[in-house]
Amino acid sequence: MRWSSVTRSSAPSFAFVALSLVSAVVAQGPTDEASEAAIKDPYQECAGYNYDPVSSQSSKFPTNWQVAQIVPGDQEATDKWNSIQSLVPANIQVKGTQPASLMGDFGGFNYDPSDPDCWWTNTKCSTPKHQGIPADIISMPEPDTLGYGFDDGPNCSHNAFYDFLQEKNQKATMYYIGSNVQNQPLQAQRAVTDGHEICVHTWSHHYLTALTSEQVFAEFWYTLKMIKLATGVTPTCFRPPFGDVDDRVRAIANALGLVNIVWKYDSNDWRADYDGYTEAQVDQNYQDFINTANGGAFTTEGAIMLTHELNNFTMSEAMKFYSQLQGAFKHIVPVGVGYNRTQPYLETNYGLPSFEQYIGGQTTVSGSAVQPQSSSSSASLSSSSQSLSTASQTSSATSGSATPSTTGSSLSSDPGSKSNGAASAMSPRFGALLAAGAFVGMLVFSA
Ligand SMILES: [Zn+2]
C-alpha cells in the first residue's frame with residue numbers, strides 16, 4: 001500500500017487510525033525539489049517522505065545499505081557486466097575476507113610489498129600498474145585552486161549548508177551514496193538544481209577492494225541508476241569510500257566511464273568525537289591545510305582535500321572555514337570544472353562551466369534544469385567499454401524505497417543531522433565507521 005492510497009474517511013480501526021496519522025504526516029512532506037529545499041527545520045527535513053518516481057522502483061535495486069549484487073532478473077545489468085568482465089585484470093585478488101574486509105579489516109591478507117595492484121589504501125598509489133587504466137585524480141591542474149567537494153551525501157538535513165553555498169555562489173562536487181539518494185531523492189535533486197556536480201560514492205559504502213568484481217560493478221551500476229532516477233543525470237566520476245581502490249576496481253569503474261577522484265589532503269572531519277579524536281583536531285587539520293596553501297604550496301598545482309556532508313559537524317566545519325579557504329586559494333571550484341569536464345553527465349542537456357567561465361563568474365551554464373520525472377527517456381549505461389552509451393534506458397534499473405532515514409531524536413538542532421542513512425540503518429557505531437573510516441593495523445583509512 002502506498003501512503004497516498006490511505007484516506008482518513010474510512011472505518012476507524014485502531015491500526016487504521018494509526019496508519020492514517022502517519023499518512024497525514026507524510027502527506028505534509030515535500031513533494032518536489034523546491035518544497036524540500038525550502039524546509040529550514042532540520043528535524044522536518046529528515047522526517048521522511050514518499051517520492052513515488054523513486055519509491056515505486058525499489059524492487060529494481062539492491063537492499064538499501066547492503067553490499068550491492070546484480071538484482072535477479074536484471075538483464076540490462078547482467079548484459080553490461082558480461083560485456084566488461086574481460087576488461088578486469090585477472091591477476092588481482094579480492095582483498096581480505098568478508099565480512100571483516102568490508103569494513104577495512106584486511107587482517108591475514110598477504111600483499112606483495114611491491115604493490116603490484118596499485119592499492120591506494122596500502123601505498124597511496126595513484127598511477128595504475130595495469131595497462132589501459134587512467135591515473136587517479138589527486139590534485140587540481142590549475143595553480144592556487146581548490147577542488148571543492150563533499151562525501152557521503154545527500155544528508156537529509158543539508159539545506160542550511162546548501163543554502164550557504166548558494167549564498168556564496170559556490171559550487172562543489174558532491175560524492176553521493178546510492179542508498180542515501182534512494183532515501184533522500186529530493187535532497188539529491190537539489191544538488192543538480194543548485195549547479196553542483198554529482199559523482200558516485202557507491203551504493204553501500206564498503207571497502208571496494210574487499211568486494212568481488214561483480215559486487216564492485218553492482219555498487220557502481222545501481223548508484224548510477226539511482227542518481228539517474230532521482231535527479232535525471234548519470235555521473236561520469238566516482239570517489240571510492242575510504243579511497244580504497246586497486247587496479248581491479250579502477251578497471252571496472254573505467255569500463256563504466258567513471259573517472260576516479262581521490263585526494264591528497266584529509267580534514268579528518270568524519271573522525272570527530274570518535275576514538276578520542278576531537279573537534280579541535282579537525283579545526284587544526286583545516287588550519288594546517290589553509291596554512292599550507294598560504295605558504296605557497298599550491299602555486300604549481302591545486303589541491304583536493306577530503307571533507308564530508310556526513311553530519312552537522314562536518315557541514316558546519318565547511319562553513320566555518322570557507323572564508324579562510326577563499327583567502328588561501330585564488331579559486332575554489334568543483335573538481336570537474338577544474339578539469340574542464342564541461343559535460344559531466346551522459347545526458348547532453350546538462351553542462352558545467354569551463355574553468356575559465358567559472359572563475360569569470362559564470363558558475364552555471366544554461367540548460368541546467370533537471371527533469372527527474374522524464375528520466376526514463378535519456379542516455380543509458382551500456383555496452384561499449386569506455387562510454388556509457390546506448391539507447392533504450394527504459395527507467396529499467398532504478399528505484400528507491402523512500403523511507404525516512406533518520407529520526408528526529410538523532411538530529412542535532414543545527415544544519416545537518418548527526419546521523420545519516422548509514423547510521424540510522426545500522427547501529428550508530430557501525431554506521432559511523434562505515435560512513436567515515438576504520439582503523440586497521442597501523443593504517444588509518446579515511447572516507
Ligand atoms: Zn565516504
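How are helices α12 and α13 oriented to each other? I will start there and then go through the rest of the chain. Please keep in mind that this is a predicted model.

Helix α12 covers residues 279–294 and helix α13 covers residues 312–328. Their axes come within 10 Å and cross at roughly 20°. Angles under 35 degrees count as roughly parallel, and α12 and α13 are therefore roughly parallel to each other. The crossing of these two helices is right-handed. On the α12 side, the contact is made by Glu279, Val282, Tyr286, Ile290, Ala293 and Asn294. On the α13 side, the residues are Phe313, Glu317, Phe321, Gln324, Leu325 and Ala328. Sorted by class, the contact between α12 and α13 has eight nonpolar, two polar and two charged residues. An α-helix has 3.6 residues a turn, so residues three or four places apart point the same way.

Now a second pair of helices. Helix α10, residues 213–231, packs with helix α11, residues 247–255, at an angle of about 45°. The axes of α10 and α11 are 10 Å apart. How do we describe this pair? α10 and α11 are therefore oblique to each other. α10 passes α11 in a right-handed crossing. From α10, the contact uses Ser213, Val216, Phe217 and Phe220; from α11, it uses Arg248, Val249, Ile252 and Ala253. By class, six nonpolar residues, one polar and one charged make up the contact of α10 with α11.

Next, some totals. The protein chain has 17 helices and 11 strands. Of its 447 residues, 54% are buried. Take the contacts between residues at least 6 apart in sequence: 73% of them join residues at least 24 apart.

Let us move to the strands. Which strands pair with β2? Strand β2 is residues 145–153, and nine of its nine residues are buried. β2 runs parallel to strand β9, residues 331–334, and four bridges join them. Within that pairing, Tyr148 has Pro334 of β9 as its bridge partner. β2 also runs parallel to strand β8, residues 302–306, with two bridges. There, Gly147 stands opposite Ile304 of β8. Then there is strand β3, residues 173–176, which pairs with β2 in the parallel sense over four bridges. Gly153 is the residue opposite Tyr176 of β3.

Gly153 comes up again in the backbone. The peptide bond from Gly153 to Pro154 is cis, with omega near -5°. Pro154 is in the loop between β2 and α7. The bond from Gln98 to Pro99 is also a cis peptide bond, with omega near 10°. Pro99 sits in the loop between α5 and α6.

The loop between β2 and α7 also holds His158. Is His158 buried or exposed? His158 counts as buried, because it has 29 C-beta neighbours inside 10 Å. Its C-alpha atom is separated by 9.8 Å from that of Arg190, which is 32 residues apart from His158 along the chain.

Among the buried ones are Leu186, Ala188, Arg190 and Val192. After α9 comes Gly195, with a positive phi near 90°.

Asp115 has phi near 55° and lies in the loop between α5 and α6. Asp115 is partly exposed, because 15 other C-beta atoms lie within 10 Å. Asn268 has a positive phi of about 55°, and its place is the loop between β7 and α12. Asn268 counts as buried, because it has 21 C-beta neighbours inside 10 Å.

Last, Asp74. Where is Asp74 found? Asp74 is in the loop between α4 and α5. With 21 C-beta neighbours inside 10 Å, Asp74 counts as buried. Asp74 and Lys60 are 14 residues apart in sequence, and their C-alpha atoms are 7.5 Å apart in space.

That is the end of my part.

Key. Residues numbered from 1 in each chain as written. Predicted model: local features only at pLDDT ≥ 70, side-chain atom pairs only at ≥ 80, totals over all residues. Axes fitted to C-alpha atoms, helices over the stretch in contact; angles between N-to-C directions. Parallel < 35°, antiparallel > 145°, perpendicular 65-115°, else oblique. Left-handed = near helix turned anticlockwise from the far one by under 90°. Contact = placed C-beta atoms within 7 Å. Nonpolar A, V, L, I, M, F, W, Y, C, P; charged D, E, K, R; others polar. Buried ≥ 20, exposed ≤ 12 C-beta atoms within 10 Å, placed from the backbone. Pairing = 2+ DSSP bridges.
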